[in-house]
Amino acid sequence: MRDLYDANIANIADICDGIHIHEDALKIVREQIPDEDELYNLTELFRIFGDSTRVRILYALSATELCVCDIAALLGLSQSAVSHQLRALKSVRLVKSRRDGRTVYYSLDDNHVQTIIKQGLEHIRE
């Protein structure tokens, strides 16, 4: 870890006009920054939003729960393609499912997902 710190200091010297580390600010960040596992999981969550098909599925599910057939018809995709995307969305707990007889319905996992979508849209519309 010390090597990384020293390398960062060397990079800062290339950018800053002299080296002055603000230890008080760094202490605050060190106390608040999530651990590596949490940051990895956050990265995976945001990676999921990097595909427009998955975002379209999430947006559709923000209106109501739908089955694979509904989503495929809505988006003009094959059921196989939709199922593949739903597995990815379930893996990061953005989507949940419930069975009703032979049909499986999908919905957003919780209100946080809808908030992420809503805030993302607000941000790009500003």
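Start your tour by selecting Glu-31: this residue is exposed, with a relative accessible area of 56% (buried means under 20%, exposed over 50% and partly exposed in between, with a 1.4 Å probe and protein chains only). You are looking at a predicted model, in which local features need pLDDT of at least 70 and side-chain atom pairs count only at pLDDT 80 or more, while totals for chains, interfaces and linings use all residues. Residues are numbered from 1 along each chain as its sequence is written, and side-chain values use heavy atoms, leaving out hydrogens and water.

Helices here are DSSP runs of H or I with at least four residues, strands are runs of E with at least two, and numbering starts at the N terminus. Lys-27 is exposed as well, at 52% relative accessible area. Next, select Arg-30 and Glu-23, whose side chains meet in a salt bridge (3.7 Å, N to O). Glu-23 is partly exposed, at 41% relative accessibility.

**The sheet**

Strand 1 (residues 66-67) is joined to strand 3 (residues 103-108) by two bridges, and the two run antiparallel; strands count as paired if DSSP finds at least two bridges between them. Click on Leu-66 to find its bridge partner in strand 3, Tyr-106. Strand 2 (residues 95-100) also runs antiparallel to strand 3, with six bridges joining them. Val-95 has Leu-108 as its bridge partner, and Asp-100 stands opposite Thr-103. Zoom in on the turn of this hairpin: two residues separate strand 2 from strand 3, and Gly-101 has a positive phi of about 70°.

Zoom out, and the three strands form an open sheet in the order 1-3-2, with antiparallel pairing. Strand 1 and strand 2 stand at the edges with a single partner strand each, so one side of each has no neighbour in the sheet.

**A link across the sequence**

Finally, show Glu-65 and Arg-98, whose side chains meet in a salt bridge (2.5 Å, N to O). Glu-65 lies in the loop between helix 4 (52-63) and strand 1, and Arg-98 in strand 2, so the pair ties together parts 33 residues apart in sequence. Glu-65 is partly exposed at 29%, and Arg-98 is partly exposed at 38%.

Note on methods. Salt bridge = Lys/Arg side-chain N within 4 Å of Asp/Glu carboxyl O.
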